[in-house]
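Here's a quick briefing on how two chains meet, plus a few other spots to look at. Have the model open while you read.

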Amino acid sequence: METVKQLIYKEKKPVKVKSPSLWKQTYRRLKKNKLAMISLFFLIFMFLLSFVGPYFSPYILDRTDIAYANRPPSASHWLGTDNYGRDVLTRLMMAGQISLTIGLASMFLSIVIGAFLGAVSGFYRGVVDLVIMRLADILMSIPGLPLLLIMGAILSEWKVPSEYRLYIIMIMLSVVGWPALARLVRGQILSLREQPFMQATEVLGLSDRRKIFHHLIPNTLPLLLVVATLNVAGSILSESALSFLGLGVVPPTPSWGNMMDAANNYMDFRKRPWLWIPPGLTIFLTVVSINLLGDGLRDALDPKMKR
Amino acid sequence: MKQYVLQRFIQMIIILFGTSFIIFFLFAMLPGDYIDSNLSLTPERAQELKALYGLDQPMLQRYFTWLGNVFQGNLGYSLKHQESVTSLLNKYVWNSFIVALLALFLTWTIALLTGVLSAIKQYSLLDGIVTFFVFAAMSFPSFFISLLFIKWFGVDLKILPVGGMIDTGSNSTGFAYILEVGKHMILPVTILTLLSIGSLTRYFRTGMLEVIRQDYIRTARAKGLKESVVIFKHALKNAILPVITLLAFELPGLFSGAIIMEQIFNWPGVGRIQLESVSFRDYPVLMAFTLFLSCLTIIGNFLADVTYAAVDPRIRLK
C-alpha cells in the first residue's frame, strides 16, 4: 500500500507545475546577459572592496606620514601615497563607502518620495495631481547641476560640518531625483487604475491607502527597479562632480569625487597621476556597471523587449 | 490645436513663475553675500551698500522688485565684475554658444548615423561596439574625461593646447585668430559631444528598432523598394519624430553640461563665470544664469511639445 501511495505522490509531484514568479523569470533571463552579469559581479566586488577591504589594509585611514608623502605605487603602497603620506588604496576604499552609500541612500529617498507623490497624484488626480505635477515640472526645469551648485553653495555658507554634509547631500540629490520618478510612477498608475483588478478592489471596499500601497505601487515595482538602478549611477556621478568642485563631500571625509580634487593642483596633475586616475577610473567603472546592469534588468523585465 | 497650444502656453507661464520663485528663494536662503564677505568694508559702509542694492528689504518685496527688473531686462549687477549681469552674460554666452552649437551638430550627425546603423544591424559586431561606446560615454564623469584628455593630448603628446581660448599673450587677427581658437576648441567640443552622444544614440536606435518592425516597412520592402529607400525614406522619417523634440532640450542641456568642462579647460564661457561666482559669492550672476538656463529649458520644452503636436496629431488628441 505504501509503495502505491509513494508512487501516486511521485507521479503527482511533477504535475503540480507552478509558473515561476516574475523575479525568478527575470533572474533567469538576466543570467543569460553576460555583460549584465559581469557588471553585477563587479558591483558586488566594489561593495566588498569598499566595506570589507579596509579591514585588510595595514594602513590607518587618516594617519599622516610626511616622510612617506607622494610615493608612486609600489609593493607596499599599491596605489602610492598622497601629499600627507596617506595610502591611496585605503582612502579609495573608504571613499567607496561614502560614495556608494550616498548613491544608494539618495536613490532610496528619491524612490520613496517619487513613488509616493507619483502614486498619490495619479490615484487622486484633480487638484492634488495638478499641484504635485507642477511642482515636479518646476524642479525639472531647473537644470540639475546649477541647482546642485546653488544648494552646495548654501551648504558652504551655512558652514555645515563635514560629517553632516554627507546626509544633506543625499537629500539634495533626491530633491533633484524625485520629479522624474514621480512622473513615471504617475503615468503607470494612471493606466493601472483603469484595469479590472482595481475595480475588484473597489468592489471589495478597500481603503485608498490599501489600494495605493498594496495594489498599485507593487505593480510599478519592475519599472521602479530599473529606474532606481540607473538613478544610483546618476547620483554617484552628480556627487562626484559636486565633490570635485569642493561643494559636495569635503575633506577630511574622503569620497571618489574629492579625491580627484588632487588634479586641480598642477603638480599633482602632471607628476602624480596615481592620485587622481584611480578614483576617476573607479567612478567610471562603477557607473558603467550600474548602467549595464540597469539596461540588462530592463530587457529581462520587459517581455515586449524579448526579441 | 489652438486649444492645445493655449493650454501649454498657460502651463509654461505658471512654470516660469514657479521656477523664478524657487530660484529666488534659494538665493534668499543664503546668509552671506559679496558685501558680507568683503572684510575691508566698515560696518557703516556695508550697511550703505546693502541699502543701495536693496539687500535690507523683506524677502517677498525683494522677489517682486527682482522680477520686475528681470522683465525690464535688468538681471542685476555683478558685484565682482562691476558690470551689469546682462552685459556680462552677453560677453561670455557666445563663447559657450559656439562650443555648444558645434557639439550639438556633431552629436546629432554621429548619433543619427550610429543609432540607425546599429538598429538595422541589431546584435551584430557593430551594434555591440556601438552599444559599448554608448555606455562608456554615458558613464564617464565629465571632469575625469576632460582631465584625461588634457593629460594625453595636451601634456603627454603636446599636440593640443591644454586650455584657454587663445594662446597666452597671443594677438593674432583674422584667419590666424580663427585657426587658433579652432585649435583650442577641439578638446572642449570633443568632450561635450562625447558626453551627450550616448543617450541620443540610444534614442535613435530604439526609435528605429520600433519602426522597422512595423507592417508598412514590410509593405515597402514587398513593393521591391531599395533597402536604402526603405530605411532612409520610410523608416527614418517616423523614427526621427520623437527624437526631434529632444533638440529643444539639447541646447540648455549642453550649456549646463559645459559648466565643469569650461572650468577645467579655462574656456571663457558662462559656465566658468558661474562657477567663479560660486566661489566669489557673486550671487546675482549665479541667479541670473540659473534663471537663464531654466527659461531656455522651459521654452524649449514648450516648443518641443507644440512642434510635436503639430507634426503628430495623435499627441494633441490625447
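Between chain A and chain B, three residue pairs are in polar contact, both residues at pLDDT 80 or more; a polar contact is a pair of N or O atoms within 3.5 Å, where within protein one must be able to donate a hydrogen and the other to accept it, and residues adjacent in sequence count only if both atoms are side-chain atoms. This is a predicted model, with local features needing pLDDT of at least 70 and side-chain atom pairs pLDDT 80 or more, while totals for chains, interfaces and linings use all residues. Residues are numbered from 1 along each chain as its sequence is written, chains are lettered from A and ligands numbered from 1 in the order written, and side-chain values use heavy atoms, leaving out hydrogens and water.

**The A–B interface**
- On the chain A side, H6 (126–141), H7 (144–157), H10 (208–244), H12 (266–271) and H13 (273–301) each supply at least two residues that touch chain B; helices are DSSP runs (H or I, at least four residues), numbered from the N terminus.
- H13(A) gives the most to that side, with 12 residues.
- By class, the side of chain A that touches chain B has 29 nonpolar, four polar and seven charged residues (nonpolar being Ala, Val, Leu, Ile, Met, Phe, Trp, Tyr, Cys and Pro, charged being Asp, Glu, Lys and Arg, and polar the others, Gly among them).
- In contact terms (heavy atoms within 4.5 Å), 40 residues of chain A meet 46 residues of chain B.
- The two chains bury about 4,000 Å² between them, 78% of it on carbon and sulfur atoms; that's the accessible area (1.4 Å probe) lost on being put together, summed over both parts.

**Salt bridges**
- One salt bridge is counted between chain A and chain B, using a side-chain nitrogen of Lys or Arg within 4 Å of a carboxyl oxygen of Asp or Glu.
- B:Arg202 and A:Asp295 pair up this way, at 2.6 Å, N to O.
- Over all chains, the count comes to 14 salt bridges.
- Inside chain A, look at A:Glu194 and A:Arg125, whose side chains form a salt bridge at 3.8 Å, N to O.
- That pair links distant parts of the chain, 69 residues apart: A:Glu194 sits in the loop between H8 (162–192) and H9 (196–204), and A:Arg125 in the loop between H5 (88–124) and H6.

**A proline in H10**
- A:Pro222 is found in helix H10 of chain A.
- Leaving aside neighbours within four places in sequence, A:Pro222 is in contact with A:Leu22, A:Trp23 and A:Leu301.
- A:Pro222 and A:Asp137 are 85 residues apart in sequence and 24 Å apart in space, C-alpha to C-alpha.
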